[in-house]
2 protein chains.
Amino acid sequence: MTVILKLGGSVITDKQRPETLDEEHLARAAAAIADYDGELVLVHGGGSFGHHHASEHGISSEAGSHDVAGAFAVHDAMRRLNDAVLAALQERDVPALPVHPLSAAARDGDGELSLSTPVETILSEGFVPTIQADVIAHTGAGVTVVSGDELVVELAEQLDAERVGLCAGVPGVFDEEGQVIDHIESFATVQAALGGSDATDVTGGMAAKIRALLDMDTPASVFGLDGLEGFLDGDSPGTRVG
Amino acid sequence: MTVILKLGGSVITDKQRPETLDEEHLARAAAAIADYDGELVLVHGGGSFGHHHASEHGISSEAGSHDVAGAFAVHDAMRRLNDAVLAALQERDVPALPVHPLSAAARDGDGELSLSTPVETILSEGFVPTIQADVIAHTGAGVTVVSGDELVVELAEQLDAERVGLCAGVPGVFDEEGQVIDHIESFATVQAALGGSDATDVTGGMAAKIRALLDMDTPASVFGLDGLEGFLDGDSPGTRVG
């Protein structure tokens with residue numbers, strides 16, 4: 001059974017500083033992943049690599065662009081982050097190979113995502129597909145952003161994944177008193193508590209994340225880096241969703 | 001109607017020297033492409049970028065590898081070449097975006113290629129998809145090479161392309177007297193004349209190219225860089241195949 005793990009952009013980068021890795025966090029995440037024994041699909045967000053360029057060029061999940069320079073700037077920055085993630089994993093003997101949504105996904109005129117990747121074959125051959133948030137072609141809009149969260153949800157369905165983990169910059173989803181919520185079963189119960197994220201995030205922050213996770217059949221957990229080893233060991237650290 | 005143009009690795013690189021561009025040839029090709037007005041899909045071969053690493057790691061269209069370092073070395077070298085092609089095009093205002101087969105294709109246990117790209121949406125939004133030869137996951141074999149020629153044939157079918165052009169390191173297909181053959185309608189008539197290529201080529205050289213082109217419904221032309229402008233103008237320089 002396949003586990004999908006998303007490394008949030010706010011975990012592996014310094015979101016306040018353009019194109020700055022959080023090397024220590026990335027190393028800790030890679031070490032935890034290297035200890036995992038099983039079929040694993042990795043997805044990562046944009047952090048200060050993708051979001052910075054996306055904002056600059058006015059590109060989001062909804063706002064598109066036909067400007068090839070802007071489209072390529074976002075894609076290229078995401079590749080640089082993807083390369084850093086791949087390097088951290090390969091150094092620790094994780095057989096990680098890159099998958100770029102720009103080469104594998106598109107949106108139709110209604111914004112509906114279609115994603116057709118060779119992830120199953122990559123997995124079956126013992127590699128770890130490592131998928132970046134990206135820009136993708138969008139009918140009528142040029143390119144728009146596809147977020148890590150969207151990719152996680154789509155892949156969980158396609159792969160009939162066993163578990164989904166979102167390793168975030170926070171230890172879980174906070175309630176209005178700042179306590180980590182143990183379990184979220186519906187959006188209405190947490191709507192008041194979910195504000196936007198505290199740094200530029202063109203993909204909607206925690207509220208969008210929770211809505212998307214609730215739409216999945218696969219159980220999910222949102223946790224911080226301290227919870228990653230536990231999640232990979234089969235525990236449910238942080239907030240269970242769904 | 002869509003035209004598919006393959007830039008051979010022997011045109012845009014110096015095949016005798018590892019990872020060496022032929023800057024002048026690439027600039028000439030990019031300038032000709034910049035003058036073209038219509039839906040265009042670009043594919044390029046590996047030349048001294050991909051083939052060098054593929055040979056070193058024993059990877060070909062048939063011989064696979066489960067070694068992630070080898071797989072990534074070939075892919076990464078092809079990306080460097082793809083980046084150089086993209087840069088040459090973007091400099092001349094061609095809205096080129098990369099498509100990587102590793103993210104979009106796989107082979108089954110019989111070696112059969114499946115390729116599912118967002119190329120149609122990329123085209124419809126006015127961009128020029130620029131697709132590299134690559135390594136792809138191959139059921140039971142790890143990764144194997146997918147050649148530019150294979151990609152051309154598959155895309156021509158999927159896109160119901162109007163014309164296919166292969167811009168090669170030679171002005172066309174030579175007969176046994178070293179004259180360019182005007183038209184090839186069957187492989188048997190040219191088999192004797194088709195030797196291997198004169199530099200490392202893990203994907204079979206001219207013979208494999210011609211066999212693949214003859215299998216297509218779309219008419220193809222094989223020509224040298226001097227024929228590129230004519231091909232894009234609608235002429236049939238070099239050798240017509242099919």
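Trainee: How many residues of chain A are in contact with chain B, and how many of chain B with chain A?
Mentor: Please keep in mind from the start that this is a predicted model. A contact here requires heavy atoms within 4.5 Å. By that rule, the residues in contact number 36 in chain A and 36 in chain B.

Trainee: How much area do chain A and chain B bury between them, and which residues of chain A lose the most?
Mentor: The two chains bury about 2800 Å² between them, and 64% of this lies on carbon and sulfur atoms. Looking at the side that belongs to chain A, three residues that lose the most area to chain B together make up 21% of what that side buries, and they are Val68(A), Ser103(A) and Glu125(A).

Trainee: Which side chains meet in a salt bridge between chain A and chain B, and at what distance?
Mentor: The count of salt bridges between chain A and chain B is 2, and the rule also finds 14 residue pairs in polar contact across this interface. A salt bridge needs a side-chain nitrogen of Lys or Arg within 4 Å of a carboxyl oxygen of Asp or Glu. One of the pairs meets this cut-off from N to O, namely Arg79(A) and Asp83(B), at 2.8 Å.

Trainee: Which element supplies the largest share of the side of chain A that touches chain B?
Mentor: Among the elements of chain A that each supply at least two residues to this side are α4 (68-91), β3 (96-99) and β8 (142-146). The residues of this side of chain A divide into 19 nonpolar, 13 polar and 4 charged. The largest share, 8 residues, comes from α4(A).

Trainee: What kind of axis relates the two copies?
Mentor: Chain A can be laid on chain B by a turn of 180° with a shift of 0.0 Å along the axis, and the RMSD is then 0.0 Å. The two copies are therefore related as by a two-fold rotation axis.

Trainee: Which residue of chain A comes closest to the rotation axis?
Mentor: The same surface serves both copies, since 100% of the contact residues of chain A recur in chain B. Of the residues of chain A, the one that comes closest to the rotation axis has its C-alpha at 2.6 Å, and this is Ala104(A).

Trainee: How many of the residues of helix α3 of chain A are buried?
Mentor: Helix α3(A) covers residues 47-56, and among its buried residues are Phe49(A), His51(A) and His53(A). The buried residues of this helix pack against α1 (9-12), α4 and β8 of chain A.

Trainee: Is Lys6(A) buried or exposed?
Mentor: Lys6(A) has its place in strand β1 (residues 3-7) of chain A, and, leaving aside neighbours within four places in sequence, its contacts include Val43(A), Asp149(A) and Lys209(A). The side chain of Lys6(A) also makes a polar contact with the side chain of Asp149(A) at 3.0 Å. Because its relative accessible area is 7%, Lys6(A) is classed as buried.

Trainee: Which backbone oxygen does the side chain of His25(B) reach?
Mentor: His25(B) lies in helix α2 (residues 23-34) of chain B, and with a relative accessible area of 24% it is partly exposed. Not counting residues up to four places away in sequence, His25(B) touches Val11(B) and Leu225(B). At 2.9 Å, the side chain of His25(B) reaches the backbone oxygen of Val11(B).

Trainee: What is the phi of Asp93(B), and where does Asp93(B) lie?
Mentor: Asp93(B) lies in the loop between α4 (68-91) and β3 (96-99) of chain B, and it is exposed, with a relative accessible area of 72%. Although Asp93(B) is not a glycine, it has a positive phi of about 65°.

Trainee: What is the phi of Asp160(B)?
Mentor: Asp160(B) is found in the loop between α6 (148-159) and β9 (163-167) of chain B. Asp160(B) is exposed, with a relative accessible area of 57%. Asp160(B) is not a glycine, and yet its phi is positive, about 50°.

How values were computed:
Residues are numbered from 1 along each chain as its sequence is written. Chains are lettered from A and ligands numbered from 1 in the order in which they are written. This is a predicted model: local features need pLDDT of at least 70, side-chain atom pairs count only at pLDDT 80 or more; totals for chains, interfaces and linings use all residues. Side-chain values use heavy atoms; hydrogens and water are left out. Buried area is the accessible area (1.4 Å probe) that two parts lose on being put together, summed over both. A polar contact is a pair of N or O atoms within 3.5 Å; within protein, one must be able to donate a hydrogen and the other to accept it, and residues adjacent in sequence count only if both atoms are side-chain atoms. Helices (H or I, at least four residues) and strands (E, at least two) are DSSP runs, numbered from the N terminus. Ala, Val, Leu, Ile, Met, Phe, Trp, Tyr, Cys and Pro count as nonpolar, Asp, Glu, Lys and Arg as charged, and the others, Gly among them, as polar. Copies are superposed by least squares on the C-alpha atoms of residues with pLDDT of at least 70 in both. Buried means under 20% relative accessible area, exposed over 50%, partly exposed in between (1.4 Å probe, protein chains only).
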